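Dear colleague,

I am passing on the structure we spoke about, and below it you will find notes on what turned up. Please read them slowly, with the structure open beside you.

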Amino acid sequence: MNIVRIENVFKEYTLGTSQVQALKGINLQIKSGEFLAIAGPSGSGKSTLLNLIGCIDTPSSGKIYINNQDVSGQTPDQLSELRARTIGFIFQTFNLFSVLSAAENVEYPLLQFKELTASKRQERIIKFLDIVGLQAFAHHRPNQLSGGQRQRVAIARALATHPKVILADEPTANLDHKTGEDILQLMKQINRDSGTTFIFSTHDAKVMAMAERLVRIEDGRLVEEDRVLA
Ligand SMILES: Nc1ncnc2c1ncn2[C@@H]1O[C@H](COP(=O)(O)OP(=O)(O)OP(=O)(O)O)[C@@H](O)[C@H]1O
């Protein structure tokens, strides 16, 4: 099943009096369970594409289907519901709340789900901090954690809502090479164990090499047949 289907998508930004064509006719299908890298140089359109897939922004034209739902016809409330229940986000700057502990950061997105009791939330916090190897750091605040540990908290937070797709915009950009590789390995392990689809952007060749499928974007276009890596 295709968890993401993108049909002839264009995205144009207005910057002052000029127009920037960030995406120029993107077609892409992503199957449930894929571990996919979107690679390309700075300014090529990677973040724009991830923001569209994540329903943070809408295309200028073309269609995007997430989990077989056409997102263009949805109201802002429907989109935020789809986002909350289907998509997890990981950012290059981690985006953790500095005044909350690791456990509270993981709990935060769960608070919007009224059907989850406090004890169910606790179960998920313990489960996902355990998966990312941070059970001993549950009460630490972000400034008491290393960059790699902060990104692990962000991964646990993204997983906690049981999303179908995790979107990661340059998840290793602020990490040293070894830590970045460990984070990618962890994401890959979770992908294999849980079947969660991962879509991440990168311009780092070593990170691309760890993807199972690689799609290249250049100047707003997919520039070559995407290839499945060994
Ligand atoms: N909000 C915006 N307003 C105007 N132009 C924008 C906006 N966001 C992105 N752009 C432009 O769209 C193009 C694609 O940008 P995008 O951020 O998607 O690239 P990217 O591949 O993610 O780059 P990077 O690797 O540097 O993050 C660039 O030319 C950029 O300047």
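**How the helices pack**

Helix 4 and helix 5 are oblique to each other, and their crossing is right-handed. Please keep in mind throughout that this is a predicted model. The angle at which helix 4 and helix 5 pack is about 135°, and their axes are 9 Å apart; since angles over 145 degrees would count as roughly antiparallel, and those from 65 to 115 as roughly perpendicular, this one falls among the oblique ones. On the side of helix 4, the residues that take part are Arg-124, Phe-128, Leu-129 and Ile-131, and they meet Ala-156, Leu-159 and Ala-160 in helix 5. Sorted by class, this contact of helix 4 with helix 5 consists of six nonpolar residues and one charged residue, with no polar ones.

Helix 5, which covers residues 147-160, also packs against helix 6, which covers residues 177-194, and here the axes come within 10 Å and cross at roughly 20°. That angle makes helix 5 roughly parallel to helix 6, because angles under 35 degrees are counted in that way. The crossing of helix 5 with helix 6 is right-handed. Helix 5 brings Gly-147, Gly-148, Gln-151, Ile-155 and Leu-159 to this contact, while helix 6 brings Thr-179, Asp-182, Ile-183, Leu-186, Met-187 and Ile-190. By class, the contact of helix 5 with helix 6 holds six nonpolar, four polar and one charged residues.

**Around the ligand**

Which residues come nearest to the ligand? Of the 13 residues around it, these are Tyr-13, Ala-22, Ser-42, Ser-47 and Thr-48. Two or more residues of the shell come from each of strand 1 (2-15), strand 2 (18-31) and helix 1 (46-53), and helix 1 gives the most, with three residues. In terms of class, the shell around the ligand has eight polar, four nonpolar and one charged residues.

The buried residues of helix 1 are Lys-46, Thr-48, Leu-49, Leu-50, Leu-52 and Ile-53. Just after helix 1, Cys-55 takes a positive phi of about 60°.

**Single residues to look up**

Asn-8, whose place is in strand 1, has a positive phi of about 50° although it is not a glycine. Is Asn-8 buried or exposed? Asn-8 is exposed, because it has 12 other C-beta atoms within 10 Å, and a residue with 12 or fewer counts as exposed.

Asp-219 lies in the loop between strand 9 (213-218) and strand 10 (221-222), and its phi is near 50°, a positive value in a residue other than glycine. With 14 other C-beta atoms within 10 Å, Asp-219 is partly exposed.

Lastly, Gln-122 lies in helix 4 (residues 118-131) and is partly exposed, with 14 other C-beta atoms within 10 Å. Gln-122 and Val-106 are 16 residues apart in sequence, and their C-alpha atoms are 9.7 Å apart in space.

With best wishes

Conventions: Residues numbered from 1 in each chain as written. Predicted model: local features only at pLDDT ≥ 70, side-chain atom pairs only at ≥ 80, totals over all residues. Near = placed C-beta within 6 Å. Helix = DSSP H or I, 4+ residues; strand = E, 2+ residues; numbered from the N terminus. Nonpolar A, V, L, I, M, F, W, Y, C, P; charged D, E, K, R; others polar. Buried ≥ 20, exposed ≤ 12 C-beta atoms within 10 Å, placed from the backbone. Axes fitted to C-alpha atoms, helices over the stretch in contact; angles between N-to-C directions. Left-handed = near helix turned anticlockwise from the far one by under 90°. Contact = placed C-beta atoms within 7 Å.
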